[in-house]
Amino acid sequence: MGCVFSLPKERQAAAARVTPQRETSFIEKMKKTNRNMVVFYGSQTGTAEEFSGRLSKDAQRYGMRGMSADPEEYDMSELPRLAEIDNSLAVFCMATYGEGDPTDNAQDFYDWMQENDEDLKGVNFAVFGLGNKTYEHFNAMGKYTDKRLEELGGKRIYDLGMGDDDGNLEEDFVSWKEQFWPAVCEHFGVEATGDDTSIRQYELVVPTDINMNKVYTGEMGRLKSFETQKPPFDAKNPYLATVAVNRQLNQSGDRHLMHLELDISGSKIRYDSGDHVAVYPVNDVSIVNRIGQILDADLDTVISLNNLDEESNKKHPFPCPTTYRTALTHYLDITNPPRTNVLFELSQYATDPKDQDTLRKMASASPEGKGLYQSWVLDAQRNILAVLEDMPSLHPTIDHLCELLPRLQARYYSIASSGKVYPTMVSICAVVVEFQTSTGRTFKGVATNWLKNKVVVTDNGHKATVPMYVRKSQFRLPFKASNPVVMIGPGTGIAPFMGFLQERGWMKEQGKDVGETILYFGCRRRNEDFLYQQELEEFEKAGVLTQLNVAFSRDQEGKVYVQHLLKKNKEHLWKLIHTDNAHLYICGDARNMARDVQNTFYDIAEEVGGLTHTQAVAYIKKLMTKGRYSLDVWS
């Protein structure tokens, strides 16, 4: 689950990246290692990287030799030289991030495509895009890469694939792959080997003389980085912030909404209102122990998984050497339903032929197999433990399981405070994810349950800590304080607006002319989950918040949502937008709320502004390009 944010791009300072010296020419590397297929990935949360690895691994089943590559690590201006390698192919697994942006690691490649007119004659390519239909710019990066490579003279050997994370991304990828490989075989005149056996990518090494000081215990990059912390802090080097506050926000109801404050004093971390905080969660210990129990494994064994391809830039699937316990606790995703390739690779370990058949079927592209994967794995929310429990004949080796599971990703939250007012504190507002699945199990969101249990001071006097870093966003207050702002954030979507309000209050205290500041908040009931009620009423009393509109969806017969209140105030809103240069901000659920709110603004532009529907859509689009209609949404 977690929160998948629509985060705008961020150009990280090159200085913050310490890249070891390595071969930057992918062409030379391909020639040296006798490869003819390279799979580049633009990945933010690890999925595109995972898909890229699967394609390059599949290549040998189809008479090709592949390598997976991060475009940030290579000189992409060498792409035209791919024509020097016979029967060569470049595949691009490109995720779209934020408002149609490239992922951080594909930013330079995107710039290169935009700025260059190199001739890609003789370069064969195919693109698979990863996107989410709930966002305005669905699969923008995949579409652009596919179109641009053709414009530059490249030869598309198979159609653009478009994965939709709002539907079933895994199924989209498997279906595309099923058609992509026959197209490759036909184009290059190669044949599928028919060899469906599992191909290991890493070998297990159990060191005999172990120096425990050289064993990773959860660090993301540098060994012992949690003991001796050195700035700058980023994804590879998170800061261990102490938890200063952890309180429940809702008065009643069956959910747990919480407000946490992370102390960042002395870290040199700076943040602005609207930025995001990334936290690295830790898996539920009971799931880890149970996996160890089922697989009959000593979880405290120190191991290293080493890439069998010595030329690969990725030496290990996660920091090694480490223990199975650390890998399953800190590095691997054991909570989300496993992807089909994991089921396929594990099928060889099932001693019951029926189980083996079921696992293989779910990994196939047949309608029956896809349906079974959808119902048995996805709809039932079966994680890897549930799969092992419900298939008693399945008994994989723990090292192969650790090789196959995807990496546990950082979770992003909109910061609920202002860096101007609270420079040493980062606030988080979140709802704990917990529900019953159709198999009778309780699904618990990894990060929110872990955060919920972070007591400020433990029994033995230790302070609870959270590994975190800040990610810049473009969700920003207007440069001129006198511009009116309209903030729409139901539920935990209120988070960034707490920071905005603190900042507008601070500006007012500085004697600045601060424009109208209007908030539309929504929750279930006034006496249940009116988040930050006291603070909001104080902002109102102080004149910082000029208008507080709250939609209580369940306090009356018919449900009332923020868009109904927007409609009520349509004349005032149109004046703010059309004549007063107001900035609009929407934060929260992308699937329904953000779309409903956008449709309401179309209605307002038509009803009050007298525009046609087509003009209204163009009008809002223009506000977006001018930076006056900003979204911070997740699905």
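A residue counts as buried when its relative accessible area is under 20%, as exposed when that area is over 50%, and as partly exposed in between. By this rule Glu-528, at 8% relative accessibility, is buried, and the same terms are used for other residues of this predicted model.

**Salt bridges**

- Side chains of opposite charge can pair when their charged atoms come close, and a search of the whole structure finds 43 salt bridges.
- Glu-528 takes part in one of them, meeting the side chain of Arg-525 at 3.1 Å from N to O; Arg-525 counts as partly exposed because its relative accessible area is 30%.
- Another salt bridge joins the side chains of Arg-441 and Asp-390, with 2.9 Å from N to O.
- This pair links distant parts of the chain, since Arg-441 sits in the loop between β16 (434-436) and β17 (442-444) while Asp-390 belongs to helix α11 (residues 384-390), 51 residues apart.
- Arg-441 is partly exposed at 25% relative accessibility, and Asp-390 is likewise partly exposed, at 31%.
- The side chains of Glu-607 and Lys-570 also meet in a salt bridge, at 2.8 Å from N to O.
- Here too distant parts of the chain are linked, with Glu-607 in helix α19 (residues 590-607) and Lys-570 in helix α18 (residues 570-578), 37 residues apart.
- Glu-607 counts as partly exposed at 44% relative accessibility, and Lys-570 counts as partly exposed at 22%.
- A network of salt bridges links Asp-272, Asp-275, Lys-420, Lys-472, Arg-476 and Glu-503.

**Paired strands**

- Strand β11 (residues 276-279) pairs with β14 in the antiparallel sense over four bridges, and Val-277 stands opposite Tyr-413 in β14.
- Within strand β14 (residues 411-414), Arg-411 and Tyr-413 point one way and Tyr-412 and Ser-414 the other way, yet all are buried.

**Cavity**

- The structure holds one cavity of 30 Å³ or more, and the largest cavity has a volume of about 40 Å³.
- The lining of the largest cavity divides into two nonpolar, two polar and three charged residues, and includes Thr-340, Met-362, Ser-364 and Lys-370.
- Helix α5 (residues 169-188) gives the largest share of that lining, three residues.

**Annotated domain and a loop residue**

- An unreviewed UniProt entry places the feature "domain: Flavodoxin-like" at residues 37-181; this span is 32% helix and 24% strand, and its end C-alpha atoms lie 12 Å apart.
- Ser-366 is found in the loop between α9 (353-362) and α10 (367-379), and counts as partly exposed at 27% relative accessibility.

Technical notes:
Residues numbered from 1 in each chain as written. Predicted model: local features only at pLDDT ≥ 70, side-chain atom pairs only at ≥ 80, totals over all residues. Heavy atoms only, no water. Helix = DSSP H or I, 4+ residues; strand = E, 2+ residues; numbered from the N terminus. Buried < 20%, exposed > 50% of the residue type's maximum accessible area, 1.4 Å probe, protein only. UniProt positions renumbered as here; feature names shortened; annotations may be inferred. 1 Å grid on protein atoms, 1.4 Å probe; cavity = no way out; pocket = protein on both sides within 12 Å on 5 of 7 lines; lining within 4 Å. Points joined across faces, edges and corners; volume = space filled by probe spheres on them. Nonpolar A, V, L, I, M, F, W, Y, C, P; charged D, E, K, R; others polar. Pairing = 2+ DSSP bridges. Salt bridge = Lys/Arg side-chain N within 4 Å of Asp/Glu carboxyl O.
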